[in-house]
Amino acid sequence: MRPVRPVAVLGGVRIPFCRQNTAYTDVGNLGMSVRTLGALVEKFGLHGQQLGEVAMGAVIKHSSDWNLGREAALSSGLSPLTPGITLQRACGTSLDTIVHIANKIAVGQIEAGIGGGSDTTSDVPIVYGQKLRRRLLAAAAAKTPKDKLAAFKGFKLAELKPDFPGVAEPRTGKSMGEHCEDMAKEWNIARDSQDEWALSSHKKLAAAYERGFFDDLVVSFRGVSRDNNLRADSTLEKLASLKPAFDKTSGRGTLTAGNSTPLTDGASACLLATDEWAAAHGHEVLCHLRDAQVAAVDFVHGEGLLMAPTVAVAEMLARNNLTLQDFDFYEIHEAFAAQVLCTLRAWESEEYCRTRLGLPAAMGRIDPAKINPNGSSLAAGHPFAATGARIVAAAAKELKLRGGGRCLVSICTAGGMGVVAILER
């Protein structure tokens, strides 16, 4: 294995994120990925160039989307000699694809590559139940017409009822929102605090669009030029009027459609390389990916489903001799406002940091003004596999505009995992 080399983030691009069943209903993951990769190729003048690898991801996809990374790369304008791979780790997917590319660059296997992802909850795979699937397979394998008909003996119309993909955790049967409700109750996160966080996300994202921050980060698609979940005119009064979305019976539910991310379609991608490749091709290095970490929690036996970033961050900072306060700003994925607030409260808790993280004291407080300076998922939306690359691209540009600094990226995922990273300029 070669010595580790610095990994440069050169920039990224995405299409506007759109709510489920709106602008992208008939596009699908491949179409969104092709548009996004094509825009990245255009932005960096990569037409006909062979890169080390394109890594894309998708959480909800059809079996026909057998290798989105390769298929999208073939339609992007890159050289067809560029390999492609498809990965998946729920909400952390495109941060994982970026880390995958970064690790190959760091050890000298490739000089440049693209990491990204797409997701759709509009064009979802719909399958039939196991009984009908077995009948169809038996009929397909049958040699004679008589045997084919025999496969359908006893068939009932109820077998035609389709199965839709769900977002419930297989181990618990509870949705992510239901799990987050449990976390909010455990950490005593108030409804008004969640609504205030959500409103702030919308205001910051709207302001970033108005000052042109996203002009070179978001490319129009299907007649849309901005995230259509953005509500620049939202107010605390409007948010307070919404009913609980997950705990509708106890009278203590605090998560609503307003302080939770909606089901969203979209795609994003980032270009990474060595410093030498960037210089040779005339591209500016926006920042470097210094380190990354993945962790998991035992949510099946009581830990909060979305608390794994607290563990991953603690482990990563210890390895890098950094404290939680050694960052100029923070990009924390907002699956739910409550999830962000639980994470912040855990890091401030001496008991939690001692007993769960094995630290001598609390990790401490983060200034909320330093978190998600250009808005985040509550305002932009959350296509599961596209959020990580959205965050990295925005953070890299923010570091450039600031003239330097350090950013902590934190993403919680389904399955009780967390993916985190350090960006520096």
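**Entry 1: helix H4**

I started with helix H4, residues 130-141, in what is a predicted model.

Which residues of H4 are buried? I found Leu132, Arg135 and Ala139. They cover an arc of only 55° around the axis, which means that they sit on the same side of H4. I then looked at the other side of H4, where Arg134, Leu137, Ala140 and Ala141 are exposed.

Next I asked what covers the buried residues of H4. The cover includes strand S6 (127-128) and helix H5 (145-150).

**Entry 2: Ser268**

I moved on to Ser268, which is found in strand S8, residues 264-273. Is Ser268 buried or exposed? Its relative accessibility is 1%, and because buried means under 20%, Ser268 counts as buried.

I looked up what surrounds this residue. Leaving out residues up to four places away in sequence, Ser268 touches Val13, Arg14, Thr36, Met56, Ser94, Gly116, Gly117, Ala386, Ala389 and Arg390. For Ala386 I also noted a distance: its backbone oxygen lies 2.5 Å from a polar atom of the Ser268 side chain.

**Entry 3: the nonpolar cores**

In soluble globular proteins, nonpolar side chains tend to be buried together.

How many residues does the largest nonpolar core have? I read 98, and the residues with the most contacts inside this core are Leu272, Leu324, Trp347, Met363 and Leu423.

I picked Trp347 from that list and wrote down its neighbours. Not counting residues up to four places away in sequence, Trp347 touches Pro309, Thr310, Val313, Leu324, Ile332, Cys353, Leu357, Ala362, Met363, Gly364 and Ile366.

**Entry 4: the whole protein**

Last, I looked up values for the protein as a whole. I noted 14 helices and twelve strands. The radius of gyration is 22 Å, close to the 22 Å that the globule rule gives for 425 residues, so the protein is as compact as a globular protein of that length. I also noted that the C-alpha trace spans about 75 × 60 × 45 Å along its principal axes.

What share of the 425 residues counts as buried? The figure is 56%. For contacts between residues at least 6 apart in sequence, I found that 79% join residues at least 24 apart.

Technical notes. Residues numbered from 1 in each chain as written. Predicted model: local features only at pLDDT ≥ 70, side-chain atom pairs only at ≥ 80, totals over all residues. Heavy atoms only, no water. Core = buried A, V, L, I, M, F, W, Y, C linked by side-chain atoms within 4.5 Å. Buried < 20%, exposed > 50% of the residue type's maximum accessible area, 1.4 Å probe, protein only. Contact = heavy atoms within 4.5 Å. Helix = DSSP H or I, 4+ residues; strand = E, 2+ residues; numbered from the N terminus. Polar contact = N/O pair within 3.5 Å; in protein donor to acceptor, adjacent residues only side chain to side chain. Expected span 1.5 Å × (residues − 1). Arc of directions from axis to C-beta. Rg over C-alpha atoms; globule rule 2.2 N^0.38 Å.
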